[in-house]
Amino acid sequence: MIPAHRGPLVRTVASTVLVAIAVIASMHALTLVIDPGPWLTVGTTGVVLVSATSALVRYFLIRNAVDRAAVRRAAGQGPSADRAADRASGSASFVATAAGAVVAFWFLLARYGGPGQRFEPFVGPDALDRVLERFRQATETMSTQVAPVGPDEAISMVAVGGTLLVLLVVDSLAGARMPGFAGIPLLLLWTPPLTLIGEVPWGVFAVSVTAMLLLLTVDPTGVTPGRHAGSDSAAVRRAQRFRSWITAATAAAVAAASLGVATGTASLPALAGSWSQLISTPSDTVELSSELDMRQPLSARSDSTVLRYTVPEDTSVGPLRVMTLTAFDGVQTHRNAPTGGLAEFDRSTLLAPPGEGASGESRRIAIEIGQLTGVELPLPLEPRSVDADGDWAYDAIRDEVRGSEGTQPGSAYRVDIVDRQLTPDLLRSVPTSGDPRSAGYTEVPDTEHRADIARYAEQIAGDAPTRFDAVVALQNHLRSGAGFVYDPDADYRGSSDTVWDFLQDKEGYCTQYALSMMIMARTLDIPARIGVGWLPGRPDGQGGYRVTGQDSHAWPEIYFPSVGWVRFEPTPQVQTGPLPAYANPDAGSLPSTAPSASRAPEVPSQQPTQAAEESDPAATAGTSAGDDVSDRTLPGWTWVVAGVLALGVLGGAAWLLLRRRTEPEVLDPELAWSRVLALLAEQDVRLGPSVTLRQAPAFIADEVRARTGTPLPDDVTERLTALADATEQERYARHSTPPTAAELEELTTALTAALAEVLTPAR
């Protein structure tokens with residue numbers, strides 16, 4: 001709540017602090033699309049440095065303009081002095097923003113342009129080249145990965161650079177005395193989480209909006225910078241204070257309302273979860289198709305909630321499968337594989353195809369259907385028992401639970417899963433006899449490049465000692481080798497052999513990855529099929545997880561006799577998270593004649609829990625092999641420099657404030673008039689809010705007559721009228737020539753002495 005008549009130091013510091021708080025808070029909105037990490041500390045440091053630079057430059061320029069305006073007022077050039085001060089304020093904002101931009105550019109080069117992990121204060125052309133290269137890497141990551149992405153060096157640089165750019169724009173608008181527009185650029189930091197995730201953390205919203213509302217109280221438009229506290233009448237100052245309190249109260253109310261709405265919606269089942277649900281269409285249902293077409297780009301997927309589920313703590317669920325697909329003609333999958341017939345079951349029946357061994361304790365999952373339609377029930381991949389109302393039956397060959405009525409929104413069921421405790425050693429030791437060949441799991445479509453695909457697969461995994469090693473080699477090749485890139489817009493509609501073209505173009509989404517691995521495995525005489533369902537989703541803030549249409553997924557499953565069908569994941573980690581522990585890449589790495597350069601950096605898992613995966617060093621890698629730097633915070637000595645700089649800024653501000661208070665006050669008509677009004681107020685003579693300057697002398701004369709019984713002396717009335725006229729001219733005249741400071745001092749001294757003499761006997 002900084003009144004308009006405060007000096008430039010107070011207003012500059014207040015404006016800078018509020019802008020910095022709003023930008024830092026808005027930067028935290030990016031944590032929904034970029035995993036939190038040291039980049040937050042780097043971004044905060046950059047905001048502080050740039051803000052301090054801009055504030056210092058702005059203050060010195062405005063202070064210089066105020067001093068010049070005071071000299072011009074003393075010379076009788078009041079209005080022109082005010083206009084010059086206004087112009088100087090605008091140019092000060094531009095120069096201060098330019099200085100902040102220079103510091104921001106240097107900070108990015110010093111932090112992200114170094115050859116390694118060091119902060120290099122002395123930058124050069126090489127630093128600029130490295131920054132441009134990291135920007136290129138970041139654009140590639142953003143075009144190939146899904147949120148949230150890992151905070152590698154390139155992504156961190158873009159996040160910090162974007163934050164500093166927004167800071168410069170907001171600070172420039174605030175410095176140019178346009179606080180009403182200053183909050184708009186903050187939306188640039190809110191846009192990624194709003195468009196990709198559909199929400200912004202309530203804390204970010206509350207803090208940012210509160211800071212921007214408080215900014216309105218710092219420097220209202222139309223107030224000349226540097227006007228002294230006594231330059232405005234008591235009524236004007238009361239109105240300013242009232243406006244400041246109202247704005248501050250509004251800011252507090254917005255923050256409290258944000259907290260209340262966030263807490264209330266989280267506690268209501270109908271509103272719990274993402275803010276995006278509040279604007280989604282409730283009747284928008286989702287249904288998975290049994291026909292996966294390799295030619296089509298990935299169509300837009302619904303944001304509707306497919307299902308919600310809760311699991312015990314430290315429980316890894318993995319994908320929830322809806323159906324399995326076997327037949328593939330080279331372009332599309334078909335549901336023409338034989339079934340095992342539908343068998344009734346109850347809650348005590350363990351649903352598992354032949355060979356699905358189970359051991360260990362069971363874990364219960366409670367699932368509630370959202371906007372999902374279909375005849376199949378979403379289930380975990382491991383052996384399980386199902387407790388669901390309805391006419392559900394089990395198909396052992398397809399490993400599906402189906403019913404005539406299908407899933408209904410709002411219906412709930414429970415699943416107890418039993419871990420097979422799969423390990424690389426177990427899967428390596430499984431014999432290859434006993435494969436279910438009758439189901440067509442090794443059939444390969446007779447396409448133009450069938451032989452080429454077989455040779456391709458042979459080069460990658462033909463020398464593998466076991467089926468497991470061969471499958472992992474295929475998986476690794478597609479997932480992180482040979483330059484394959486996740487691209488939901490991949491279009492193969494003109495292709496005559498989609499698998500072969502995908503292996504050559506190396507761009508696609510889960511359908512291309514899964515079907516290509518299935519076909520390559522079959523060319524090696526390894527039984528394979530496709531699982532279709534949902535990735536594990538995201539926490540819903542209520543102790544459970546929410547799965548949306550965005551989480552639809554397909555993956556290959558490989559058959560191991562005596563173990564059963566086992567999921568592998570060739571789709572890059574940017575979409576699926578880390579591999580299951582049993583599919584450890586290091587366990588099946590084999591030399592390959594194909595290129596092995598990785599393009600897509602890995603990101604942390606989107607799965608609910610990864611207790612088993614976290615034990616796998618390969619699954620927790622944070623960056624690709626192509627990135628030899630990691631995002632670390634600034635070195636210790638930079639914090640010392642920042643501390644010294646902060647102390648210098650604070651010391652300089654204190655010295656300037658002390659110096660400002662000791663400077664002589666330059667008298668102008670407004671200040672002289674306020675002195676007279678202050679004296680009258682001490683004698684209980686107060687002008688009403690409707691009394692104008694022209695009416696003031698007559699009003700004061702009437703009040704004096706009423707109190708003393710004698711009229712106001714003519715010479716006092718003349719002085720009072722002269723001072724009121726001078727004040728009116730300064731306030732409203734286009735051009736005026738006010739009295740000099742010496743003349744005003746003489747007039748004010750004589751007038752206040754005469755009024756005090758006249759009014760004192762009346763007390």
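Visitor: Is Trp 565 buried or exposed?

Guide: Trp 565 is buried, with a relative accessible area of 6%. (Buried means under 20% relative accessible area, exposed over 50%, partly exposed in between, using a 1.4 Å probe and protein chains only.) This is a predicted model, where local features need pLDDT of at least 70, side-chain atom pairs count only at pLDDT 80 or more, and totals for chains, interfaces and linings use all residues. Residues are numbered from 1 along each chain as its sequence is written, and side-chain values use heavy atoms, without hydrogens and water.

Visitor: How many aromatic pairs does the structure hold?

Guide: There are 11. (Rings of Phe, Tyr and Trp, the last by its six-membered ring, pair with centres within 6.5 Å; planes under 30 degrees apart are stacked, over 60 edge-to-face, the rest tilted.) Tyr 441 and Trp 565 make an edge-to-face pair, 4.7 Å centre to centre with 65° between the planes. Their pair links distant parts of the chain, 124 residues apart. Tyr 441 is buried too, at 4%.

Visitor: Which kind of pair do Phe 484 and Phe 502 form?

Guide: A tilted one, because their planes are at 45°, with centres 5.4 Å apart. Both residues are buried. Elsewhere, Phe 468, Phe 560, Phe 568 and Tyr 582 form one aromatic cluster.

Visitor: Which strands does β2 pair with?

Guide: Strands here are DSSP runs (E, at least two residues), numbered from the N terminus, and pairing takes at least two bridges. Two bridges join β2 to β7, antiparallel, with Arg 321 partnering Leu 379. Five join β2 to β14, also antiparallel, and there Met 323 partners Val 532. Six of the six β2 residues are buried, so this strand is largely enclosed by the rest of the structure.

How values were computed. Helix = DSSP H or I, 4+ residues; strand = E, 2+ residues; numbered from the N terminus.
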